[in-house]
Amino acid sequence: MNVNQNNIEELILLCKQKNQKAQCEIYNRYAKAMYNVSHRIVKDSHFAEDVMQESFLKAFTRIHDYKQKVAFGVWLKRIVVNCSIDFYKKNNHFKPEDFDATLYKLEETDIGITENTDFKDLKVKQILDTIALLKYNYRMVLTLFFIEGYDHEEISEILNISYANCRTALSRAKDCLRKKLEEI
């Protein structure tokens, strides 16, 4: 049987039967994307690769928990994000109070966009590099919201913060990013 031609549902069934060829095929299909997800969080290529490997191992050992309520890639990405955040917290002396120190005040208006600010000429790399310069909690909420596509509720659950804290952190992170981008 040639697993390269199987669709993802068939591969998942084979993985549940501990078929190593199917696991290898799933790995080959998703590795690059999951590496990129991990790298955006841990900020080191070697550690991102390690975290990605651990995430795949965790996914294959928990493949029976996958109920196909969401796409497999989304399920796998959630594992990678959680493993990456756990790794970052363990290895970078993350202080949970970084988020707790953020006030619970919700920002209802966007502040700081001036009429003559023109971000059209900025390159994606410049924006990503600028995000990388932000403090951890700002960088994390921006990455999860804009790059990974999570909503406020999902981010607050992933980072174990309140919904209001998530909204405030995102609002402040956007404002901080905007100010740094205006300097470019």
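These legends accompany close-up views of aromatic rings, lysine side chains and cysteines in a predicted model.

**View 1. The ring pair of F56 and F60.** A pair of aromatic rings is described by the distance of the centres and the angle of the planes. The count for this model is 9 aromatic pairs. In the pair formed by F56 and F60, the ring centres are 6.0 Å apart and the planes meet at 40 degrees, so the pair is tilted. Both residues belong to helix α3, which covers residues 45-61. Because F56 and F60 are 4 residues apart in this helix, about one helical turn separates them. F56 and F60 are both buried.

**View 2. A cluster of aromatic residues.** Y30, Y66, F72 and W75 are shown together. Ring pairs link these four side chains, Y30, Y66, F72 and W75, into a cluster.

**View 3. K77 and the ring of Y150.** The charged end of K77 sits over the Y150 ring, at 5.7 Å from the ring centre.

**View 4. K135 and the ring of Y138.** Here the ring belongs to Y138, and the charged end of K135 sits over it. The distance from the charged end of K135 to the centre of the Y138 ring is 4.8 Å.

**View 5. The cysteines C24 and C83.** A disulfide is a covalent bond between the sulfur atoms of two cysteines. The count of disulfides in this model is 0. C24 has a relative accessible area of 42% and is therefore partly exposed. C83 has a relative accessibility of 12%, so this cysteine counts as buried, the cut-off being under 20%.

How values were computed
Residues are numbered from 1 along each chain as its sequence is written. This is a predicted model: local features need pLDDT of at least 70, side-chain atom pairs count only at pLDDT 80 or more; totals for chains, interfaces and linings use all residues. Side-chain values use heavy atoms; hydrogens and water are left out. Rings of Phe, Tyr and Trp (its six-membered ring) pair if their centres lie within 6.5 Å; planes under 30 degrees apart count as stacked, over 60 as edge-to-face and the rest as tilted. Helices (H or I, at least four residues) and strands (E, at least two) are DSSP runs, numbered from the N terminus. Buried means under 20% relative accessible area, exposed over 50%, partly exposed in between (1.4 Å probe, protein chains only). A charge sits over a ring if NZ of Lys or CZ of Arg is within 6 Å of the ring centre and within 35 degrees of the ring normal. A disulfide is a pair of cysteine sulfur atoms within 2.5 Å.
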